[in-house]
Amino acid sequence: VDAGVQIDFWRVRVKPGKPMLFGRRGKVPVFGLPGNPVSGFVGYILFVEPAIRKWMGAAEEGWRLRGIACEVGSEIRNPGDRPHYVRGRLGAGDGRFRPIGLQQSHALYGLAETDALLRVEAGAEMREGDGGIAILVG
């Protein structure tokens with residue numbers, strides 16, 4: 001269906017969330033989020049929320065993603081060809097990031113318990129104790 005949107009980009013190299021869209025209808029910005037719940041959530045956190053905060057006039061520290069140094073609490077592998085934002089929790093007081101639940105884009109349990117996302121590069125393997133940067137959510 002033609003909605004009169006001029007598309008600036010469609011698809012991003014992240015997992016989950018590849019089928020992300022941004023365009024404009026006249027002067028109105030339009031985001032298209034993926035249909036799977038986790039993909040939509042990750043797309044919102046990475047792209048939509050920062051854009052809205054910036055457009056509302058927030059200072060740069062108010063719209064940039066909030067990252068915190070952490071240690072990985074268990075082995076995490078990304079055999080894929082694009083960065084994977086793993087859902088998980090930062091440990092109470094120990095600064096360790098631990099993945100929660102299944103990491104597929106339809107799996108809601110892990111998302112419900114998530115307070116941070118950890119970017120794992122394409123083809124990377126992180127071992128327990130490795131350092132990373134977790135993006136705080138919520």
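**Salt bridges and their exposure**

Modeller: Glu-125 is partly exposed, with a relative accessible area of 35%; this term covers the range between buried, under 20%, and exposed, over 50% (1.4 Å probe, protein chains only). The model is a predicted one, in which local features need pLDDT of at least 70 and side-chain atom pairs count only at pLDDT 80 or more, while totals for chains, interfaces and linings use all residues. Residues are numbered from 1 along each chain as its sequence is written, and side-chain values use heavy atoms, with hydrogens and water left out.

Glu-125 meets Arg-127 in a salt bridge, at 3.5 Å from N to O; the term denotes a side-chain nitrogen of Lys or Arg within 4 Å of a carboxyl oxygen of Asp or Glu. Arg-127 is exposed, at 52% relative accessibility. These two residues also belong to a network of salt bridges that links them with Glu-75 and Arg-77.

Arg-119 and Glu-121 form another salt bridge, their closest N and O atoms lying 2.6 Å apart. Arg-119 is partly exposed at 36%, and Glu-121 is likewise partly exposed at 40%.

Arg-96 pairs with Glu-71 in a salt bridge, with 3.1 Å between the closest N and O atoms. This pair links distant parts of the chain, 25 residues apart: Arg-96 lies in strand β7 (residues 96-99) and Glu-71 in strand β4 (residues 67-72). Strands here are DSSP runs of E, at least two residues, numbered from the N terminus. Glu-71 is partly exposed, at 34% relative accessible area.

Over the whole structure, the search finds eleven salt bridges.

Conventions:
Helices (H or I, at least four residues) and strands (E, at least two) are DSSP runs, numbered from the N terminus.
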